[in-house]
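This briefing goes through one structure by topic, beginning with a single residue and moving out to cores, pockets and backbone details. Please keep the sequence and the model at hand while reading.

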Amino acid sequence: MVKQSAGILLYCLKQKEPEVLLVHPGGPFWAKKDFGAWTIPKGEINDDETAKEAVRREAFEEIGLKVEGDMIELTPIKYQNGKKIIAWAVQGNFNPSEFKSNTFEMKWPPKSTELKTFPEIDRADWFTMRDAKLKILKAQLPLLEELEKLFYFS
């Protein structure tokens, strides 16, 4: 069965220019990556929840964001591995300095038996559309492009 995730593309207007909130994955694999490494807050949809319920849960778990307001469903995207991302755009506000992320454990360093704890997300920040297109994972770029088209931001 193909895994599905639900995500939120939070946007705001600053001096009539759109900005989007992106998050940087935590853990050692992503530690030194920047361009092409950021993502929207998202996570897997559990069997007992809808995609909208999952996006609200994941946004809160990953960064402490309570999703409120009109949710505009974007066209789902598929990763090369077949994973499907269902996302919504929501206009809102969030202070990145106040984000709180859940954690995960993994054996680190490689081939070690020692478990280390890492934040699922280590940073959150607002980006102009131009900068966001450079920072976001390539597979998620269509979400930014669709948001631009919906609101004629470009």
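Ser 5 has its place in strand S1, and in this predicted model the residue counts as buried because its relative accessibility is 1%, where buried means under 20%. The side chain of Ser 5 is joined to that of Lys 83 by a polar contact of 3.2 Å. Neighbours within four places in sequence aside, Ser 5 is in contact with Gly 43, Glu 44 and Ile 45, and also with Lys 83, Lys 84, Ile 85 and Ile 86.

**Glu 49 and its partners**

- Glu 49 lies in the loop between S3 and H1, and because its relative accessible area is 16%, this residue is buried.
- The side chain of Glu 49 has a polar contact of 2.5 Å with the side chain of Arg 57, and it also reaches the backbone nitrogen of Asn 46 at 2.9 Å.
- When neighbours within four places in sequence are left aside, the contacts of Glu 49 are with Glu 44, Ala 54 and Arg 57.

**Lys 78 in strand S5**

- Lys 78 lies in strand S5 and counts as exposed, because its relative accessibility is 62%.
- Although Lys 78 and Gln 4 are 74 residues apart in sequence, their C-alpha atoms are 9.2 Å apart in space.
- Lys 78 is in contact with Lys 83 and Lys 84, its neighbours within four places in sequence being left aside; Lys 83 and Lys 84 are also among the contacts of Ser 5.

**Nonpolar cores**

- The largest nonpolar core has 22 residues, and those that touch the most other members are Ile 8, Leu 65, Trp 88 and Phe 94.
- At least two residues of this core come from each of S1, S2, helix H1 (51-63), S6 and strand S9 (121-128), and H1 gives the most to the core, with five residues.
- Apart from this core lies another, of 20 residues, which includes Leu 9, Ile 85, Leu 137 and Leu 147.
- Phe 94, with neighbours within four places in sequence left aside, is in contact with Leu 10, Leu 21, Ile 63, Gly 64, Leu 65, Phe 99, Ala 124 and Trp 126.

**Helix H3 and its cover**

- In helix H3, which spans residues 141-151, the buried residues are Leu 143, Leu 144, Glu 146, Leu 147 and Glu 148.
- The elements that cover the buried residues of H3 include the strands S1 (4-14), S2 (17-25), S4 (72-73), S5 (77-78) and S6 (84-91), together with helix H2 (129-135).
- Just after H3, Tyr 152 takes a positive phi of about 50 degrees.

- The largest pocket holds about 270 Å³ of space, and of the 15 residues that line it, Pro 25, Thr 39, Lys 42, Glu 62 and Glu 120 are the closest to its centre.
- Strand S3 (residues 42-44) gives the most to the lining of the largest pocket, with three residues, while by class that lining has six nonpolar, four polar and five charged residues.
- The second largest pocket holds about 180 Å³ of space, and its lining consists of Met 1, Val 2, Lys 3 and Gln 4 along with Glu 44, Ile 45, Asn 46 and Asp 47.
- By class, the lining of the second largest pocket divides into three nonpolar, two polar and three charged residues.
- Within that lining, Glu 44 and Ile 45 are also contacts of Ser 5, and Asn 46 is the residue whose backbone nitrogen is reached by the side chain of Glu 49.

**Backbone details in loops**

- The peptide bond from Trp 108 to Pro 109 is cis, with omega near 0 degrees, and Pro 109 is found in the loop between strand S7 (103-107) and strand S8 (115-119).
- Lys 111 is found in the loop between S7 and S8, where it has a positive phi of about 70 degrees although it is not a glycine; Lys 111 counts as exposed because its relative accessibility is 87%.
- Gln 15, in the loop between S1 and S2, is not a glycine either, yet has a positive phi of about 55 degrees, and at 80% relative accessibility Gln 15 counts as exposed.

Notes: Residues numbered from 1 in each chain as written. Heavy atoms only, no water. Buried < 20%, exposed > 50% of the residue type's maximum accessible area, 1.4 Å probe, protein only. Helix = DSSP H or I, 4+ residues; strand = E, 2+ residues; numbered from the N terminus. Contact = heavy atoms within 4.5 Å. Core = buried A, V, L, I, M, F, W, Y, C linked by side-chain atoms within 4.5 Å. 1 Å grid on protein atoms, 1.4 Å probe; cavity = no way out; pocket = protein on both sides within 12 Å on 5 of 7 lines; lining within 4 Å. Points joined across faces, edges and corners; volume = space filled by probe spheres on them. Nonpolar A, V, L, I, M, F, W, Y, C, P; charged D, E, K, R; others polar. Polar contact = N/O pair within 3.5 Å; in protein donor to acceptor, adjacent residues only side chain to side chain.
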